[in-house]
Amino acid sequence: MSTLLIKNGTVVTASDIQEADVYIEGEQIHTIGKNLQLKADRVIDADGCYLLPGGIDAHTHMELPFMGTFSSDTFESGTLAGLHGGTTTIIDFAIQSQGQSMTAALNAWHEKADGKAVGDYAFHLAVTDFNESTKKEVQTLIEERGVSSFKTFMAYKGALMLDDRQIIGLMKEVKKHGGMVTTHAENGDLVDTLIAENRAQGNLGPEYHPLSRPPICEAEATGRILDIAYQGGHPLYIVHLTCEDALNRVRQATMRNQKVFLETCVQYLLLDDSVYKEKDFAGSKYVMSPPIRKKTDQEALWMGIQQNLIEVVATDHCPFCMDQKRMGEKDFSKIPNGAPGVENRMELMFSEGVLKNRISLHKFVDLTATAPAKIFGLFPRKGTIAVGTDADIVIFDPKKQHTLSAKTHHMNCDYSLYEGWKVQGKCRTTILRGTVAVDEGKALVGKGFGKYLKRNKLGAAHV
Ligand code: URP
Ligand code: ZN
Ligand code: ZN
């Protein structure tokens, strides 16, 4: 069994900080302590660096067939980019097509990922067709296939959207077997009406994307899904929450003693809707759903984190290159929705979050690794640094300054949402299950190194 000793680092978890050495045997952490005098095949000096738990991005879309094209990162390129940026595990969405079984969808996503992903991966199942037949698959998916979370779309009618009756049925079945429903909360009918109105008026540029999906669309759907979950006593996780209005619906729900898990994404914390004014179709880079909101929404989201309402920061990594975005050059509603981010999340949350005093170092670890591991049934194997856990460790240099750019990133996308941003703090070395996967920007593992992670059962009480 190979051994690795990381010396002189500062181990940071969601709750503790200590100067310590970490000794790894095989794929797991064997010993944590001061001045360990253990022989190892390899010794790494981490002086001046933090040792962070490998990041978990709970919301990605690799090779997603969407809006007439495919998201441009494969499981190989996307998970490798994640490793460069300190994310060792992704939870991607296997998306059922209407008329298809959920099992067939999951099998199709395994085909894309197995033997190809470089980083570790798990799946949520996005349900687009819930009926008496697909209902029967829920138990097996949870108990045998390790898929314990099921996403519902309240928007994208005709392709992905479920109606409320289907969502209620799914929630009941999922709860019965120890899983949880997650939701993309936007009122699909309202969105479609606003898109049609804008198109009819000849409003066709990317700047009309956010105007067709205003905060009220998200707030209404958020309130509705909260009510549905509350009525049935169902656990609920809301993906990519973006705005103050939606957050206030959650605040209201907490007053009736309802628990809901909330995720936001880095771009909603750091960008504002002025991006849609960028000239020459550059606004299309930011076309995602829900859209980028106002500065006041950003502030509300940071406050939602400080109030422990928002527990997870993900990316919704769903990149499309500019030639794909140009499919909507004459009509914003045809611009593929999504943007890259899996590589940037950890460094941005440290630089913009910790160093700007918006969150503590421990909160940073919690939002990016520990909370997603706990909420989605990967803890304690993933999400912390402790004896017996997978040795997924990021050696993070908190002083190193660098500039984000599509010219240097590893995501398969020809633009960056953060082009030219100067950040402080860099993932120097990423270790996945005891193996140095990326060191100083150099990949040392390749195609197929990633493992599929079967997840445990879930529920509000498991966290
Ligand atoms: O615009 C987005 N978010 N694209 C990916 C699909 C989704 O809605 O999560
Ligand atoms: Zn979504
Ligand atoms: Zn998504």
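Tutor: Here are some questions and answers on helices, strands and loops. This is a predicted model, where local features need pLDDT of at least 70, side-chain atom pairs count only at pLDDT 80 or more, and totals for chains, interfaces and linings use all residues. Residues are numbered from 1 along each chain as its sequence is written, chains are lettered from A and ligands numbered from 1 in the order in which they are written, and side-chain values use heavy atoms, with hydrogens and water left out.

Student: Are α13 and α14 roughly parallel or roughly antiparallel to each other?

Tutor: Helices here are DSSP runs of H or I with at least four residues, and strands are runs of E with at least two, numbered from the N terminus. Axes are lines fitted to C-alpha atoms, for helices over the stretch in contact, and angles run from 0 to 180 degrees between N-to-C directions. The axes of α13 (residues 345-354) and α14 (residues 361-375) come within 10 Å and cross at roughly 150°. Angles under 35 degrees count as roughly parallel, over 145 as roughly antiparallel, 65 to 115 as roughly perpendicular and the rest as oblique, so the pair is roughly antiparallel.

Student: Which residues in α14 do Arg345, Met346, Met349, Phe350 and Val354 in α13 meet?

Tutor: Contact means heavy atoms within 4.5 Å. By that rule, the α13 residues meet Leu361, Phe364, Leu367 and Thr368 in α14.

Student: How many residues of β10 are buried?

Tutor: Buried means under 20% relative accessible area, exposed over 50%, and partly exposed in between (1.4 Å probe, protein chains only). In β10 (residues 120-126), Asp120, Ala122, His124 and Ala126 point one way, while Tyr121, Phe123 and Leu125 point the other way, and all are buried. The count is 7 of 7.

Student: What is the bridge partner of Ile90 in β10?

Tutor: Two strands pair if DSSP finds at least two bridges between them. β9 (residues 87-95) and β10 pair in the parallel sense over 7 bridges. The partner of Ile90 in β10 is Tyr121.

Student: Is Asn357 buried or exposed?

Tutor: Asn357 lies in the loop between α13 and α14. Its phi is near 60°, a positive value in a residue other than glycine. With a relative accessible area of 70%, Asn357 is exposed.

Student: Is Arg433 buried or exposed?

Tutor: Arg433 sits in the loop between β17 (422-432) and β18 (435-439). Arg433 is not a glycine, yet has a positive phi of about 45°. At 3% relative accessibility, Arg433 is buried.
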